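Subject: Structure for your review

Dear colleague,

My notes on it follow.

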Amino acid sequence: MRNTIALSAVIAVAAALVAGPASAHHSRAMFDSSKQLTLIGTVKEFQWTNPHCWIQVLVPDPDHPDAAPVEWGVEMGAPVELMRKGWKPGSLNPGDKITIVLNPLRDGQHGGLVVAVTGPDGKVIGRSAEPATK
Amino acid sequence: MIANLIARNSLRPAACAIVIALLAGSLCPAGAQTSSKERLKAFAKLPDWTGIWELDAFVGQANGQQFSAEGQRKLKAYAAAGRPSFTPEYQAKYEAIRKKVADAVAADPAHPPVTHDPLCDAPPFPATASPGMFEWLITPEETVFVSTVGAVRHIYTDGRSHPPKDELWPTLMGDSVGHWEGDTLVVDTVSMKPRIYMGELSGFYMPMSDKLHHTERIRMVNHDEMQIESTTEDPVALTKPIHVTITYARVTDFNRMVEETDCEENERDPAVNGRFSTVTH
């Protein structure tokens, strides 16, 4: 991943998520589900929209504090699905300092599929994947 | 004018009865002649499927994207149970399509080919395993399936048969008629688009013949679970019917239906040259 290696804030973690055929708006093959990156940055915009919500986040490079931060686009689920998991349209606001764990895009662009988001208060927003109850 | 009156009051038995008395004719729509009391009795015999439901594999999903481990296991089990056994002619077709999709995926793994867009395209029949949630609206005359991803099915239970062949053409949900066996809705569907969805690689459709025929037995197993036992037959394309029983879970963390398929609102995964791309800014 171009650029992401340079970000010391990025941590790669092996993951093994199976892309289900019956969910999501498109194939998830564009995301590398074997990797998880952690971004620490500032919310530029939270797009509560169909078919998917997006977080635009500005991520500074700790090694180059004077450089302009890099903007990442992080894809999420549809609004109604997010709301079911504890998110709300106002869960994030511009300027919020957040930490995002994501599966990165394979093509090297600054984007990915959200895994978990920690808000300004240090708490994870919404509920994470949990074993089915049935 | 009388015809307009009848049309506007077609669901009002009392109004219809007056017209009947005046005309002693047969202008009232079938079923509208039942008295309110009789119709209420018919309602009372129907099961209560009130609530919102989803495929059980979706339970425990996070952020609208990540499946739980149990959800992944269930999806794999359903895929295995629903594995079609094609006749030689259709096996050859399947292998050719699969190879084409596999080659396209291998050529550019970062940008999957757009063979089907599960959310922005209309959900394929029977739509119950599509993303999103769904409701059943049950009346004596028909049962309606409505989902948050834009699928609507009408299952007529007023005793009618399928229309004659020269009045049928392939549609997304086909033509469904049903009847109640106790609390089980038995559904027969014909005339859906001749294809089945294959959830492998990036997902694609496999064509079937015009003999494609689908039956379902739909029931509530307990307060929190529904089951659909489905049988897909096609003597031209399949060596044996596909039998699969799928469980649906009552949605307990949300109580309203909100559509999620307005893909034009903020489409950031557009198809470019037949492949999914991502707009990161």
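A term needed from the outset: a residue is called buried if 20 or more other C-beta atoms lie within 10 Å of its own, exposed if 12 or fewer, and partly exposed in between, with C-beta atoms placed from the backbone. The model is a predicted one, in which local features need pLDDT of at least 70 and side-chain atom pairs count only at pLDDT 80 or more, while totals for chains, interfaces and linings use all residues. Residues are numbered from 1 along each chain as its sequence is written, and chains are lettered from A and ligands numbered from 1 in the order in which they are written.

Chain A

Helices (H or I, at least four residues) and strands (E, at least two) are DSSP runs, numbered from the N terminus. On that basis chain A has one helix and six strands, arranged along the sequence as β-β-β-β-α-β-β. Of its 134 residues, 48% are buried. Two residues are in contact if their C-beta atoms, placed from the backbone, lie within 7 Å. Among the contacts in chain A with a separation of 6 or more, 58% are between residues 24 or more positions apart. The chain also holds a cis peptide bond, from A:Asn50 to A:Pro51, with omega near -5°. A:Pro51 belongs to the loop between β2 (35-47) and β3 (54-59) of chain A.

Backbone features of chain B

In chain B, the peptide bond between B:Phe125 and B:Pro126 is cis, with omega about 0°. B:Pro126 sits in the loop between α5 (88-107) and β2 (134-138) of chain B, and B:Ala127 lies in the loop between α5 and β2 of chain B. B:Ala127 is not a glycine, yet its phi is positive, at about 75°. This residue counts as buried because it has 20 C-beta neighbours inside 10 Å.

B:Ser191 likewise has a positive phi, of about 65°, although it is not a glycine. B:Ser191 is located in the loop between β6 (184-190) and β7 (195-198) of chain B and is buried, with 20 other C-beta atoms within 10 Å. Which residue has its C-alpha atom 4.8 Å from that of B:Ser191? The residue is B:Pro170, 21 residues away along the chain. B:Pro170 lies in the loop between β4 (152-156) and β5 (175-181) of chain B. With 13 other C-beta atoms within 10 Å, B:Pro170 is partly exposed. Leaving aside neighbours within four places in sequence, B:Pro170 is in contact with B:Ser191, B:Met192, B:Lys193 and B:Pro194.

Strands and a helix in chain B

Two strands pair if DSSP finds at least two bridges between them. Strand β9 (residues 213-222) of chain B runs antiparallel to strand β10 (residues 225-233) of chain B, joined by nine bridges. These two strands, β9(B) and β10(B), form a hairpin with two residues between them, and B:Thr215 stands opposite B:Thr231 in β10(B). β10(B) also pairs in the antiparallel sense with strand β11 (residues 242-250) of chain B, over eight bridges; here B:Met226 stands opposite B:Tyr248 in β11(B).

In helix α4(B), the buried residues are B:Gly71, B:Lys74, B:Leu75 and B:Tyr78. They cover an arc of only 100° around the axis (taken from the directions from the helix axis to the C-beta atoms), so they lie on the same side of α4(B). What covers the buried residues of α4(B) includes β11 of chain B.

With kind regards
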